[in-house]
Amino acid sequence: MADRPILIAGGGIGGLATAAGLAQNGFASLVLEQAAELGEIGAGIQIGPNGFHSFDYLGIGDEARAQAVYIDALRLMDAQTAEEIAQVPLGEDFRRHMGNPYAVVHRADLHKALLDYCVASPLVELRTSHKATGYEQDGNSVTLLLDGRDPITGSALIGAEGLHSPVRAQLVGDGAPRISGHTTYRSVIPTEQMPEDLRWNAATLWAGPKCHIVHYPLKGWKVFNLVVTYHRDLQEAISGRPVSKDEVAQGFEHIHPRARQIIEHGDNWKLWVLCDRDPVDNWVDGRVALLGDAAHPMLQYFAQGACMAMEDAVCLAEAMKRGDGDIETVLKSYQQQRIARTARVQVGSRLIGDYVYHPDGALAAARNQVLSSRTPAEWYDRLHWLYGSNGLQN
């Protein structure tokens, strides 16, 4: 361990969080990112209290809090009637119940907070333009194989390269991701372009038949994040392709004009086709382990992808701290603590997509009846399993 750092393939939120967590506990790491520059694509993400639990462990709590917008509620609207179905207040009672706030933040700002920590840490080395292709190990070390570069040897390897992880391809071998066919379009607009009567300090979801719209403020209320999703049944894993406003609007003719107008106010829309994988019960091969989307890619409907990756990083760092130097045992312990929780979020994300975000007819009526009847205290109790943890317990 003294001579060889822990190798981390991938310099996204999961990879940098892993490096930060290890550094917090005195372990050196080498982060290898395939892109020429370290950065994040995308726009806003929601951060539940479990994300803030992780921020504090990883040493970026103050920085993350400074970048966040603290919203007042989670609002569920019926996209067909424009009536509110349910609201989860996020004030003092919520924070007291969960131990931390709920907020929204720009993905790039969160990534930068982690990157700044890693750049400043003498225990973290960062290299770009290093694309992983696979690995080899001999029982005492592991070697990361790289495209067009000499292999690099370390004491362990963490595959955190996301949905299309080459480390996962070798370790699990389960082929291409599952393409959901759900197409998401994203835009960020100045706050003054958002309809004034919808400038709510909330993460708002308009749920409709086979579609939904999400919006919330970002960057100190300077902009609004817009996310529009429709079941187009596309079977190609597209990521970040620019599209026209007319294409975004197709398929939303059946929802209320108040919700539909949000599409008209968006600009510079980009398209993603949502993918995930079925949960698997093995992320570890000797001195190699998976983390974040490489281990458990999930649909967006729980808004937990980044939070689960940071929880993984916390759990792995804590396992390293408590371990006796036996890397293989440490990685198995990390896996054992994380498998059930992340599988629950993966499967739950699919289910709430079907039964909360996108139902029609009788199913939508049942959703409205059930969810509108819950009190804030009932919501808090039902959500505590998700938001009350920092990755160290299920």
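## Starting from Leu76

The model is predicted, so local features need pLDDT of at least 70 and side-chain atom pairs count only at pLDDT 80 or more, while totals for chains, interfaces and linings use all residues. Residues are numbered from 1 along each chain as its sequence is written, and side-chain values use heavy atoms, leaving out hydrogens and water.

Leu76 has its place in strand E4, residues 73-78. Helices (H or I, at least four residues) and strands (E, at least two) are DSSP runs, numbered from the N terminus. Tyr357 is 281 residues away from Leu76 along the chain, yet their C-alpha atoms are separated by 9.0 Å.

## The whole chain

Stepping back, the chain has twelve helices and 19 strands. Of its 394 residues, 56% count as buried. Along the principal axes, the C-alpha atoms fill a box of roughly 60 × 45 × 35 Å.

How does the radius of gyration fit what a compact globule would have? The chain has 21 Å, which agrees with the value near 21 Å for a compact globule of 394 residues. That radius is taken over C-alpha atoms, and the globule rule is 2.2 Å times the number of residues to the power 0.38.

## A three-stranded sheet

Strands E8, E9 and E10 make an open sheet in that order, with antiparallel pairing. Two strands pair if DSSP finds at least two bridges between them. The edge strands are E8 (132-137) and E10 (149-154), and each pairs on one side only. From one strand to the next, the twist averages 25°; axes are lines fitted to C-alpha atoms (for helices, over the stretch in contact), and angles run from 0 to 180 degrees between N-to-C directions.

E9 covers residues 142-146 and pairs with E8 in the antiparallel sense over five bridges. Ala132 stands opposite Leu146 in E9, and Tyr135 stands opposite Leu144. Four residues sit between the strands of this hairpin, and Gly139 there takes a positive phi near 95°.

On to E10: E9 pairs with this strand over four bridges, again in the antiparallel sense. Leu144 has Ile152 as its bridge partner in E10. The E9 and E10 hairpin has two residues between its strands, and Gly148 in the turn has a positive phi of about 75°. Four of the five residues of E9 are buried, so this strand is largely enclosed by the rest of the structure.

## A six-stranded sheet

There's also an open sheet of six strands, in the order E7-E2-E1-E11-E19-E18, with mixed pairing. E7 (124-127) and E18 (284-285) stand at the edges with a single partner strand each, so one side of each has no neighbour in the sheet.

Within this sheet, E1 (residues 6-9) and E2 (residues 29-32) run parallel and are joined by four bridges. Leu7 stands opposite Leu30 in E2. As a general point, side chains in a regular strand alternate between the two faces of the sheet.

## A hole inside

How many cavities of 30 Å³ or more turn up in a search of the whole structure? The search finds one. A cavity is a set of points on a 1 Å grid over the protein atoms alone where a 1.4 Å probe fits but cannot get out, and lining residues have an atom within 4 Å of a point. The largest cavity holds about 60 Å³ of space; grid points are joined across faces, edges and corners, and a volume is the space filled by probe spheres set on the points.

Residues lining the largest cavity include Ile47, Phe52, Phe55, Gln67, Val105, Asp109 and Leu110. Helix H2 (49-58), helix H3 (61-67), strand E6 (103-106) and helix H5 (107-120) each supply at least two lining residues, and H5 gives the largest share, three residues. By class, the lining has nine nonpolar, one polar and one charged residues. Ala, Val, Leu, Ile, Met, Phe, Trp, Tyr, Cys and Pro count as nonpolar, Asp, Glu, Lys and Arg as charged, and the others, Gly among them, as polar.

Conventions: 1 Å grid on protein atoms, 1.4 Å probe; cavity = no way out; pocket = protein on both sides within 12 Å on 5 of 7 lines; lining within 4 Å. Buried < 20%, exposed > 50% of the residue type's maximum accessible area, 1.4 Å probe, protein only.
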